[in-house]
Amino acid sequence: MNRNVDQVCVYLNKFGKVGPHLDQQRIQQLPDHFGPGGASSVLQQCVQAFVDSAHHQATAFGCLRSGQGGGIISAYFDQQQHTLTLPTVSSVTYALRFLEKLCHSLQCDPLFCSQPVARGGVHSESRAHTPGVIRVQERPQPGGGDPTLWTVDDVMRFIRESDPLLAPHADLFRKHEIDGKALLLLRSDAMMKYMGLKLGPALKLTFHIDKLKQA
C-alpha cells in the first residue's frame, strides 16, 4: 500500500478575519501550512496553533470536543495545564470539517483550506511579511474563475494546486482530455474505473470538485 495516500497538508489563510478570540499577530507568525503528515497529526498541529494564538487559551480550549485516538491538545489557564485528546481523523476531508467547526465556534473566517491559496481579502500591510503567499493568492484563477470555461491545462493546474499529493495524477487529466465541464461531471467511481486512480486520490479529488461546485 502506498503510504503517501494517507499524507495530508492543510494551508492557513492568514488574510481572513480572525474574529474576537484570536490574536492577529500570532496568526501571522504561524507557518503557511501544516503537514504533509498523517491526518490526525496535521489536525493536532492546526488545533494547537489556534489554541496558542488565542487571546485566552481557555476560550479556544472550551470550543473543542474530546475524542479518542487523536492528537493531544494542551492549554494553560486557571493556573494549571489542561489537556484534551482529539478524535482521530482518517482524511483531509474530516480534518477540514473539524477545523471549519472550530473556526465557526471562534467566530472567525474559515482559515484552513486544502489549497495553497489564501481566501478572502488581502491586507496591504501583510504584503511585506508574506510576499510568497500573496503572489499565489493574486494569481488569476484558471479560465477566469468559471470552471465550465477551463481548458485541460487549467484543470491540471487546479489538480496540482488543490493538493500537492495529487500533483502526480494531473497528467491523467490531459491523457483523458478532461476540461472544466468534464471535471464537474467526474465521480470517484469513474476516476477509479476509467482513469486507474486508487480510492484515496479519487476521494480527495471528489472532495475538491464538490467544493468547486459550491464556490
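At 1% relative accessibility, Ser-162 counts as buried (under 20% relative accessible area; exposed is over 50%, partly exposed in between, with a 1.4 Å probe and protein chains only). The model is predicted, so local features need pLDDT of at least 70 and side-chain atom pairs pLDDT 80 or more, while totals for chains, interfaces and linings use all residues. Residues are numbered from 1 along each chain as its sequence is written, and side-chain values use heavy atoms, without hydrogens and water.

**Exercise 1.** Work out which element holds Ser-162 and which residues are in contact with Ser-162, leaving aside neighbours within four places in sequence.

Solution. 
- Ser-162 belongs to helix α6, residues 152-162 (helices are DSSP runs of H or I, at least four residues, numbered from the N terminus).
- A polar atom of the Ser-162 side chain lies 2.6 Å from the backbone oxygen of Phe-158.
- With those neighbours left aside, the contacts are Ser-114, Gln-115 and His-208 (heavy atoms within 4.5 Å).

**Exercise 2.** Find the salt-bridge partner of Asp-153 and the N to O distance.

Solution. 
- A salt bridge is a side-chain nitrogen of Lys or Arg within 4 Å of a carboxyl oxygen of Asp or Glu.
- Asp-153 pairs with Arg-174 at 2.6 Å, N to O.
- The pair links distant parts of the chain, 21 residues apart, from helix α6 to helix α7 (residues 170-175).
- Asp-153 is partly exposed at 42% relative accessibility, and Arg-174 is partly exposed at 45%.

**Exercise 3.** State whether Glu-161 is buried or exposed.

Solution. 
- Glu-161 forms a salt bridge with Arg-157 (3.5 Å, N to O).
- Both lie in helix α6, four residues apart, about one turn.
- Glu-161 counts as buried at 15% relative accessibility.

Terms used
Helices (H or I, at least four residues) and strands (E, at least two) are DSSP runs, numbered from the N terminus. A polar contact is a pair of N or O atoms within 3.5 Å; within protein, one must be able to donate a hydrogen and the other to accept it, and residues adjacent in sequence count only if both atoms are side-chain atoms.
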